[in-house]
Amino acid sequence: MQNSELAISINDLIRQLHRSRGNAPISLEGVTPAQFGLLRAMDHFQRSPGPPWAQGDCPAHNAGEPGIRVNILADLLNQAPPGISQRASELEAMGLIARKQSEHDRRATYICFTEKGEAALKTAKENAFNYAAQIVEAMGQKEAQQLIHSIKLYLAAAEKVAAGQKAKRRPSL
């Protein structure tokens with residue numbers, strides 16, 4: 001196969017993977033994919049030591065604060081703050097997250113999980129794990145290990161290509 005044919009095959013597989021996620025039981029009933037993505041991002045940035053691309057401390061982590069600021073989350077997701085704020089309002093109306101004012105800076109508002117939101121996300125994570133375990137069982141351990149290895153190679157190559165493209169876009173001084 002030529003490189004162009006391989007690139008087309010990879011793009012087709014990625015598109016199929018995205019479509020197959022719609023069949024996975026890892027979402028929450030009544031929550032749109034965009035809202036669910038916001039919940040997952042909140043969980044990731046609040047619980048992880050920081051994204052791998054961050055230098056130093058993750059800006060999502062403010063010691064003593066109850067959650068994450070909408071504008072910080074928007075920056076981390078490379079999305080517009082009004083869109084994040086709208087989804088946050090929708091999730092707040094469902095009782096999955098809450099807005100809290102900072103005790104240190106009254107101008108700052110943070111979003112955080114409610115108990116209902118924590119429980120719903122825990123259930124979604126368990127469903128995702130069980131779904132993945134069933135896929136591993138269906139495809140076999142050896143093939144699953146090969147897939148993991150191949151995806152890691154793909155991600156490393158994609159990161160290298162993206163870094164090269166980013167460097168080309170930088171204006172020279």
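Me: Which residues of α4 do Val70, Leu73, Ala74 and Leu77 in α3 meet?
Reply: This is a predicted model, in which local features need pLDDT of at least 70, side-chain atom pairs count only at pLDDT 80 or more, and totals for chains, interfaces and linings use all residues. Residues are numbered from 1 along each chain as its sequence is written, and side-chain values use heavy atoms, with hydrogens and water left out. Contact means heavy atoms within 4.5 Å, and helices are DSSP runs (H or I, at least four residues; strands E, at least two) numbered from the N terminus. The four α3 residues meet Pro81, Ile84 and Ser85.

Me: How many residues of the contact of α3 with α4 are nonpolar?
Reply: Ala, Val, Leu, Ile, Met, Phe, Trp, Tyr, Cys and Pro count as nonpolar, Asp, Glu, Lys and Arg as charged, and the others, Gly among them, as polar. In the contact of α3 with α4, no residue is charged, one is polar, and the nonpolar ones number six.

Me: Where is aspartate 43, and is aspartate 43 buried or exposed?
Reply: Aspartate 43 lies in helix α2 (residues 33–47). Buried means under 20% relative accessible area, exposed over 50%, and partly exposed in between (1.4 Å probe, protein chains only). With a relative accessible area of 9%, aspartate 43 is buried.

Me: Which residues in α5 are buried?
Reply: Helix α5 spans residues 115–139. The cover over its buried residues includes α2 and β3 (109–113). The buried residues in α5 are Gly117, Ala120, Leu121 and Ala124.

Notes:
Expected span 1.5 Å × (residues − 1).
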